[in-house]
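I opened this model to look up a few sheets, a helix pair and a chain contact. My entries follow in the order in which I made them.

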Amino acid sequence: MKPALSVVFLTTLIGAGQGLFLALFTQQSYALFDLLPHQQASFYGWGSLLALLFTISGLVASFFHLGRPERAWRAAAQWRTSWLSREVIVLPAFMGILFLYAAAHLGGFDPVLVVLPSGLNIHATIALGILGTLLAFALFLCTGMIYACLRFLQEWHTPLTVVNFILLGGSSGFILATLYAALFSPTQVGFLGGWASIITVLALLVRSASLWRNARLRPKSTMQTAIGIKHPRIVQKAQGAMGGSFNTREFFHGKSESFVSRIKAFFLIFVFAVPLLILAFNFSNASVALLCVAFFAQYAGLLAERWYFFAEAKHPQNLYYQGKS
Amino acid sequence: MTQLALVIDLNVCVGCHACVTSCKEWNTSGAAGPLCDENPYGADPTGTFFNRVQTFEVGQYPNTETVHFPKSCLHCEDPPCVPVCPTGASYKRKQDGIVLVDYDKCIGCKYCTWACPYGAREIDEKQQVMKKCTLCVDRIYDQALPEADRKPSCVKACPTSARLFGDVHDPESVVSKAIRENAGYALMPEWGTHPANHYLPRRKTNMKIHEDELERVDNPLKVDGKLPKPNMKDPTLDDVTTW
């Protein structure tokens, strides 16, 4: 597949936003049970607005993917069957919760909604946070399933795709939260950095598993099933178009094997090795500059990871365009 | 339930591209607007087509066969491109099974092309909406046309009658008979899309000549000549040879 740059940006930006919100609410949940000190409302509020900024940037990027962006509103219609349609609904809903969560914290509107039998007060921001967490995971599910539901793209058609979106978005967002905490609430760096490390290690394991799986895939479709002629040697002589077509542009990345494997090495180093080293170093010596490097280097790595995710998928229609690859 | 489809006989197709040009001509001139081309006379011409003919060489020289392979939307009975469409622009008609795109609803997200294993859909680079074969839906029901012309334009154009058109759910239709009697098959059956369009395989055209066709068994002495006239009263098969 040809990597769609707008989608590469969309998935990485909203992933960071979702992860950041999950990190903030994880901290607030710990604080609810007095496991961690409750932070000032502005810490959660501005953090949530930062997550909102990331999701808005992702949404803007997604519009560049559409041929007819003015009709984008129509995309909410087929939520019964289409994961893309579901994403189109869940993303704005999640953004709305990000805004309300931020507004409730910053506006000081945080009444107690319920008192649990144990005497625990459930505030409005906790309720919004739970809703936001559910929506964040629903959004990860929708985004992942857009790819995982396409059974012909065997590289994508696995639960690992969804888990990768969750873990990579989580890693990115928790590292962003660690950086955010280093700037505004240094006491929380250890907690958030610890979770960021755990999620990054898990992401490394699952991404490695999917790389291992995809390297061993056997394409279900062959030239023989594509045109229905049972002969081992079939060579294409003409594609039906001299100057290429949509089919030769959309489904081939047009880069060499060595370029693709360099991208793979790049993302393995930048998404996992660099941030993990910085996070390990950070436990003893919290440094904003280093965490900045960790987040942005990982973001560059995530762009490469998403590029590779597309480039690695081999669409069966390419069998009809053997001459081009 | 009706399922209209094409049956393409690879044994007969000569790769003349008449179906391609005829399809383009009909579908670029219709009410749905043109099928846009870019640099049609330039160095790198490209454009939107519903139908293309590809050519494959099968076998190792000198034992090769050239197979011309017309390729268009297969109007799958279980089309994977339809449920993924976020807007409902892609749909399959209940009444005749044709898979269509509503160009006024399409947002050009290209997700349906990712979901089609056959690469049957092409985006119109100028209009930025998805386009695909309509089985000439604006032609096959047109009461203004003579009955014989109510067929897809590729079928009408084919000089060797390699393309058949009809209802594959009607066991007595010309397409069902062709599939049944000539081992018609579907492309990439492994994905369970159940394409409605079928292809007929290449066939060996051998002539079996029996011995008695070369040498008359009723002439053991190998003497050719006029047969004796039958008697007046003998019964004969036709009046010509009688007296």
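**Entry 1: a covered strand**

I began with β1(B), which is covered on both faces: B:Leu4, B:Leu6 and B:Ile8 on one side, and B:Ala5, B:Val7 and B:Asp9 on the other, are all buried. I call a residue buried if 20 or more other C-beta atoms lie within 10 Å of its own, exposed if 12 or fewer, and partly exposed in between, with C-beta atoms placed from the backbone. Six of the six residues of β1(B) are buried, so the strand is largely enclosed by the rest of the structure.

I noted the ground rules here: this is a predicted model, local features need pLDDT of at least 70, side-chain atom pairs count only at pLDDT 80 or more, and totals for chains, interfaces and linings use all residues. Residues are numbered from 1 along each chain as its sequence is written, and chains are lettered from A and ligands numbered from 1 in the order in which they are written.

Helices (H or I, at least four residues) and strands (E, at least two) are DSSP runs, numbered from the N terminus.

**Entry 2: the sheet around β1(B)**

Which strand order does this sheet have? I read β10-β1-β11 in chain B, an open sheet of three strands with mixed pairing. Two strands pair if DSSP finds at least two bridges between them. β10 (163-167) and β11 (198-200) of chain B stand at the edges with a single partner strand each, so one side of each has no neighbour in the sheet. Neighbouring strands are turned by 25° against each other on average, direction ignored.

I then checked the pairs. β1(B), residues 4-9, runs parallel to β11(B) over three bridges. There B:Asp9 stands opposite B:Leu200. With β10(B), β1(B) pairs in the antiparallel sense over five bridges. B:Leu6 has B:Phe165 as its bridge partner in β10(B).

Helix α6(B), residues 174-181, lies across β1, β10 and β11 of chain B, at about 115° to β10(B). Axes are lines fitted to C-alpha atoms, for helices over the stretch in contact, and angles run from 0 to 180 degrees between N-to-C directions. Contact means that the C-beta atoms of two residues, placed from the backbone, lie within 7 Å.

**Entry 3: a sheet across two chains**

I found a second open sheet of three strands, ordered β3(A)-β4(B)-β5(B), with antiparallel pairing. The twist averages 30° from one strand to the next.

β3(A), residues 234-238, pairs with β4(B) over four bridges in the antiparallel sense. A:Gln236 has B:Phe56 as its bridge partner in β4(B). β4(B) and β5(B) pair over 10 bridges, again antiparallel. B:Arg52 stands opposite B:Lys71 in β5(B). Helix α1(B), residues 18-28, lies across β4 and β5 of chain B, at about 165° to β4(B).

**Entry 4: the chain contact**

How many residues does the contact take from each chain? I read 46 from chain B and 45 from chain A. On the side of chain B that touches chain A, β4 (51-60), β5 (63-72), α2 (81-84), α3 (111-114) and β8 (122-123) each supply at least two residues. The largest share, nine residues, comes from β4(B). The residues of that side divide into 27 nonpolar, 11 polar and eight charged. Ala, Val, Leu, Ile, Met, Phe, Trp, Tyr, Cys and Pro count as nonpolar, Asp, Glu, Lys and Arg as charged, and the others, Gly among them, as polar.

**Entry 5: a helix pair in chain A**

I looked at α4(A), residues 124-148, and α5(A), residues 159-184: their axes come within 8 Å and cross at roughly 140°. That makes α4(A) oblique to α5(A). Angles under 35 degrees count as roughly parallel, over 145 as roughly antiparallel, 65 to 115 as roughly perpendicular and the rest as oblique.

The contact divides into nine nonpolar, four polar and no charged residues.

**Entry 6: A:Thr158**

A:Thr158 lies in the loop between α4 and α5 of chain A. I counted A:Thr158 as partly exposed because it has 17 C-beta neighbours inside 10 Å. Beyond its neighbours within four places in sequence, A:Thr158 is in contact with A:Ala148, A:Ser210 and A:Arg213. The C-alpha atoms of A:Thr158 and A:Arg213 are separated by 9.5 Å, with the two residues 55 apart along the chain.
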